[in-house]
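Please look through the sequence and the structure shown here, and then follow the paragraphs below, which go from salt bridges to a helix pair and on to a sheet.

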Amino acid sequence: MRVMAQMAMVMNLDKCIGCHTCSVTCKQTWTNRSGMEYVWFNNVETRPGQGYPRTYEDQERWQGGWKLNKRGRLTLKAGNRLKNLMTIFSSPKMPSIQDYYEPWTYDYETLTNAPLQEHTPVARPKSLISGEEMSISWSANWDDDLAGSTELAPSDPVLQKVSDKVKLEFEQTFMFYLPRICEHCLNPSCAASCPSGAIYKRSEDGIVLVDQDTCRGWRKCVTGCPYKKIYFNHRTGKAEKCTFCFPRIEVGLPTVCAETCVGRLRYIGLVLYDADAVLEAASVEDEHELLDAQRGVLLDPNDPEVVREAERAGIPRDWIEAAQRSPIWSLINRYEVALPLHPEYRTMPMVWYIPPLSPVVDVVSDTGEDGEDSGNLFAAIEHLRIPVEYLAELFTAGDTAPVTAVLKRLAAMRSYMRDINLGRETDESIPAAVG
Ligand code: SF4
Ligand code: SF4
């Protein structure tokens, strides 16, 4: 066992209201410079929707992440550092500015100067670059306007994968928000694909950074990152990415996005992991076993053997204690309510998500109780608004069983706490039923 420390984050999606405060405060702090106009180290996606940049999850198109070769070994879809060094002048597969978004404003003239007429005038978006009416029909979060309609949002790569199972009538549409930052992966494909060796993972806390002096602007990392969380600063000619706010972390402050989050949904903290187990876990052949493999790499910070090995590895005592206080390991491994985003990319992401339980409203009993009351709990789980298949495609490579297990735990906790808050007798069979 080779113990290392890693900064990690868990986001509770039921609490995200899509206010974008995190994105704006991050941008004000880190990416309000020239050449970074389109860059959002933190963004909040509408689901269903195309994400940001548009359709970044379509790895057939962008060639991000790792795959297993015929011998079962990890291979970069984008090409490894050596191959990329020999082909540095070939074009990286990168989203265009239209896939990020063309900066726009609205044609307010039509609102203020339109003559009286039968229909309400519409302020159409117009490009801030050309001044013309926008030629595209999409930009980041415009999916909001589709109100989660699967009929209207067919370009969501996740939705496409489950389209045979998830067919919703208009009344059953669903929508939730997915905030995203760089995953600070344990097995980062951005670093492995950089011909200049400019991207590195800090040994002390696992934060992945771009050395601006070494970066030569080849942009192979943009192709290599399956989450498309590396951006190219066309003014400096260098790649830039989320830094997990390391200058703040180093003085004991949380990341800007976590500190300013209106929903208080971002948990950050240290985890301890077994560095010797990373590649084996990322190489597990069956994609449905990747979740357990990735959970298994993270070590129980209260296990005396882990503590001993961590001390032997030179991890400071106060860091070990920080990992013991951190909620991250517990949310992932003890309560098993947090899931990784797209584990099938095999980069071992370190930003995990508690999936949205969403309103449980479909089951209403004769007594007037709703689906969140204990008597209806498990029946209600069968009638969730957000299809489990869709969440599974995001978090468990399509395996619905672990997602259902998480949702049952969340529902159990919600109804158990409701009983306590209402001063009712608690049903002790509920915690036992969901483990
Ligand atoms: Fe690298 Fe971050 Fe992309 Fe992971 S999510 S591959 S660490 S840029
Ligand atoms: Fe969601 Fe928090 Fe960001 Fe608002 S600040 S969009 S609640 S993650």
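E259 has a relative accessibility of 41% and therefore counts as partly exposed, where buried means under 20% relative accessible area, exposed over 50% and partly exposed in between, with a 1.4 Å probe and protein chains only. This is a predicted model, in which local features need pLDDT of at least 70 and side-chain atom pairs count only at pLDDT 80 or more, while totals for chains, interfaces and linings use all residues. Residues are numbered from 1 along each chain as its sequence is written, chains are lettered from A and ligands numbered from 1 in the order in which they are written, and side-chain values use heavy atoms, with hydrogens and water left out.

The partner of E259 in a salt bridge is R248, with 2.4 Å between the closest N and O atoms; a salt bridge is a side-chain nitrogen of Lys or Arg within 4 Å of a carboxyl oxygen of Asp or Glu. Because E259 belongs to helix α10 (residues 256-260) and R248 to helix α9 (residues 246-249), the pair ties together parts that are 11 residues apart in sequence, helices being DSSP runs of H or I with at least four residues and strands runs of E with at least two, numbered from the N terminus. R248, at 18% relative accessibility, counts as buried. In the whole structure, 19 salt bridges are found.

Another salt bridge joins R317 and E311, whose closest N and O atoms are 2.7 Å apart. Salt bridges with shared partners also link E45, R47, E57, D156 and R180 into one network.

The axes of α13 and α14 (residues 317-325) come within 10 Å and cross at roughly 145°, where axes are lines fitted to C-alpha atoms, for helices over the stretch in contact, and angles run from 0 to 180 degrees between N-to-C directions. V307, A310 and E311 of α13 meet R317, I320 and Q324 of α14 there.

Helix α13 also lies across β1 (3-12), β12 (266-274) and β13, running at about 120° to β1. These strands belong to an open sheet of five strands, in the order β13-β12-β1-β15-β14 and with mixed pairing, two strands being paired if DSSP finds at least two bridges between them. The edge strands, β13 and β14 (339-340), each pair on one side only. β14 runs antiparallel to β15 (residues 351-354), joined to that strand by two bridges, and P340 stands opposite W352 in β15.

Methods
Contact means heavy atoms within 4.5 Å.
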